[in-house]
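Please consult the sequence and the structure below while reading.

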Amino acid sequence: MDALLADRLRALGHPARLEILRVLAACGTCVCGEVVKVMPLSQATVSQHLKVLKEAGLICGRIDGKNSCYGLDPDGIAELRRALDALLGGLSDAVCCAAEPKLEIEA
């Protein structure tokens, strides 16, 4: 489970991939060329980013002739959200060391 979460977080580690997710969320589904139109990236670069997101299970897609159609994978997004909620919830409940009081030096 941690390996899958780490893979998905790595996929989200690039600003272009975050923007692609936003574009796909706004469009529902999209032909790759439509994503390229709103991104300042080449077709090849967008395709590579789409591949990474698909391998991470965050988007799904199919090839339809010469076009590739992509959309968000609702199951993958929901699993990521649950995993992050569990991880961050456990971290926020943890007791940590109190910060050392700052020492003031007399002049």
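At what angle do helix H2 and helix H4 pack, and how far apart are their axes?

## Helix packing

Helix H2 (residues 15-27) and helix H4 (residues 43-55) pack at about 80°, and their axes are 10 Å apart. Axes here are lines fitted to C-alpha atoms, for helices over the stretch in contact, with angles running from 0 to 180 degrees between N-to-C directions. H2 is therefore roughly perpendicular to H4; this class covers 65 to 115 degrees, while angles under 35 degrees count as roughly parallel, those over 145 as roughly antiparallel and the rest as oblique. Helices (H or I, at least four residues) and strands (E, at least two) are DSSP runs, numbered from the N terminus.

On the H2 side the contact involves Ala16, Arg17, Ile20, Leu21 and Leu24, and on the H4 side Val46, His49, Leu50, Val52 and Leu53. Contact means heavy atoms within 4.5 Å. By class, the contact of H2 with H4 comprises 8 nonpolar, 1 polar and 1 charged residues. Ala, Val, Leu, Ile, Met, Phe, Trp, Tyr, Cys and Pro count as nonpolar, Asp, Glu, Lys and Arg as charged, and the others, Gly among them, as polar.

## Basis of the model

The model is predicted: local features need pLDDT of at least 70 and side-chain atom pairs count only at pLDDT 80 or more, whereas totals for chains, interfaces and linings use all residues. Residues are numbered from 1 along each chain as its sequence is written, and side-chain values use heavy atoms, with hydrogens and water left out.

Val46 lies in helix H4 and is buried, with a relative accessible area of 0%. Buried means under 20% relative accessible area, exposed over 50%, and partly exposed in between (1.4 Å probe, protein chains only).

Leaving aside neighbours within four places in sequence, Val46 is in contact with Ile20, Cys32, Val35, Val36, Met39 and Leu41. Val46 and Val35 are 11 residues apart in sequence, and their C-alpha atoms are 7.6 Å apart in space.

## Salt bridges

The count comes to 5 salt bridges, each being a side-chain nitrogen of Lys or Arg within 4 Å of a carboxyl oxygen of Asp or Glu. One of them joins Arg10 and Asp7 at 2.4 Å, N to O. These two residues are 3 apart in helix H1 (residues 2-11), so about one helical turn separates them. Arg10 is exposed at 53% relative accessibility, and Asp7 is partly exposed at 37%.

In helix H3 (residues 32-38), Glu34 and Lys37 are likewise separated by about one helical turn, being 3 residues apart, and their side chains form a salt bridge (3.2 Å, N to O). Glu34 is partly exposed at 40%, whereas Lys37 is exposed at 64%.

## Strand pairing

Strand E3 (residues 67-72) pairs with strand E1 (residues 29-31) in the antiparallel sense over 3 bridges. Strand E2 (residues 59-64) also runs antiparallel to E3, joined by 6 bridges. Two strands pair if DSSP finds at least two bridges between them.

Cys69 in E3 is the bridge partner of Val31 and also of Arg62. E2 and E3 form a hairpin with 2 residues between them, and Gly65 in the turn has a positive phi of about 70°.
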